Amino acid sequence: DENPITPTMMKGIVLLAASFLGVARAFAPSAPVGGVSSSSTSTTGLEAIAAGFGSSDLDSCYYAAEAAVNAAKEPLGDSKPSIAFVSTTAGRDIDKVLDSLGSLLGDTPVHGLTSSGAVLTSGGSVANGLGVLLLSSDDPGAFATAYDAEDGAAAVAALKSRMESPKAVLMSATPGAEEAIVEALAEAFPDVPVYGGTAADDDLSGRWKVLANGKSSGTGVSLVGVGESVAFGASMEGPYSPDKGSVVEATKTEGRRVFEIDGKPAADYFYEILGDEVKEQYENGGLVLPQTAQKPIGIKQPLTGLVKKIESKIPLVKRLVDKDFEYITAHLAAFGGEEKYVDFFVPVPEGSKLVMMDSGDGPATGYGGAMLDALQHAKLSMGGESEEEKAVKPKAGLMVFCGGMAIAVGDKLDYGVSAVGEEIDFPLMGMTCFGEQGPLPVSGRNVQRNLSTGFVLFG
């Protein structure tokens, strides 16, 4: 069973809720008086995208939506938005949010998800936030969207019928469904990069939702195809270094559940590493996300066959790639009590080699350095072959930040976000997610991953 929310895992919700709420209380709303923040860029030269962003922490869903949408619309002038990216904290009444957006945006396609604790902006985090990023293009084929309340494959097929060959695909899914959607996208769109984040809530109670026009679902998926006319760059990375002396083998697994490590109970192995801080969960079962947020696990990925040739000056990428392997970062989620298994938030294929990862000074600095590296990587990936393409600058962006990393940084989150915010001169909306999706840096294979951060940029 690959559902990450099992009865055993539910035993730890109180502990996780306390951690998330502690982080949420530490968020300092970045909105000025009136509850609105906005930013914009101009539309000059050959760049096709105009963009605007607004956010609000007003308690009323309608007034928050109105404030955010009006701020986002202002830099667009008379241009109609081509797409609306939306994120809202899960504590809001999602139906009211969607009704409000419908009345304000009309038939503009909406792609969104709930965020844990706060919506992120270039100025910091906004608790109880609602964010709207609007993009406008002269090309009617710049974006295509698809949504299904339950069936990821159906959403992929719908997107394929609307955009045969996208430059990239953006996805928002719900916990437990991600890898099946990634696989379906790989079949429908070979070699097309996929980036996204998993919908989240504040306490792992299942209030997460993906959002579309007037619709939301706790089991669904929303997809966006990015057309060839849109300058695009992106990154998705885990800011960790592997401890190559800690390699073990997952000798018995099923989906996201690991029963044995090197032929012995998996719970025994991880209890020996984590110690008394997980004693209760080791003995009785339960979530350990706060205790493991600073202790990522790397799943080694052999570099075999044809791989993409990349040249990166970014230390973050170099740390995650050695001569023979790259790594999928994974978050150890729960102990299974007497049954001695452990659960992750990513699939762990049987026979996988697992490595403990070092988070360095990331938690103490709010992962500001990792955010800066990810932003630089996304900017570099926008460059094309022609001088015109090389000159393209970001006009708007999305930021994905892992909810587990938010636990790890605690009240340092705004420190990290503000550090990267100093390098951002375009509208940006960020989400705190319960899973991240993106291509591995060398092989380019799209994967479900954890404890990662990244950017999606539009030019």
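Searching the whole structure turns up eight salt bridges, a salt bridge being a side-chain nitrogen of Lys or Arg within 4 Å of a carboxyl oxygen of Asp or Glu. Before I go on, please keep in mind that this is a predicted model, in which local features need pLDDT of at least 70 and side-chain atom pairs count only at pLDDT 80 or more, while totals for chains, interfaces and linings use all residues. Residues are numbered from 1 along each chain as its sequence is written, and side-chain values use heavy atoms, with hydrogens and water left out.

Let me start with Arg256. One of its salt bridges goes to Glu178, with the closest N and O atoms 2.6 Å apart. This pair links distant parts of the chain, 78 residues apart, since Arg256 sits in the loop between strand S16 (248-254) and strand S17 (257-261), and Glu178 belongs to helix H6 (residues 178-188); helices (H or I, at least four residues) and strands (E, at least two) are DSSP runs, numbered from the N terminus. Arg256 also forms a salt bridge with Glu179, where the closest N and O atoms are 2.7 Å apart, and this pair again links distant parts of the chain, with Glu179 in helix H6, 77 residues from Arg256.

Are these residues buried or exposed? Arg256 counts as buried at 4% relative accessibility, and Glu178 is buried as well, at 0%, where buried means under 20% relative accessible area, exposed over 50%, and partly exposed in between (1.4 Å probe, protein chains only). Glu179, at 10%, likewise counts as buried.

Another salt bridge joins the side chains of Lys340 and Asp268, at 3.1 Å from N to O. Lys340 lies in the loop between strand S22 (332-335) and strand S23 (342-344), and Asp268 in helix H7 (residues 266-274), so the pair ties together parts that are 72 residues apart in sequence. Lys340 is partly exposed at 27%, and Asp268 is partly exposed at 28%.

S5 pairs with strand S6 (residues 124-127) in the antiparallel sense over four bridges, two strands being paired if DSSP finds at least two bridges between them. A hairpin of two residues joins S5 to S6, and Thr121 stands opposite Gly124 in S6. S5 also pairs, in the antiparallel sense and over two bridges, with strand S26 (residues 428-433), where Met431 stands opposite Val119.
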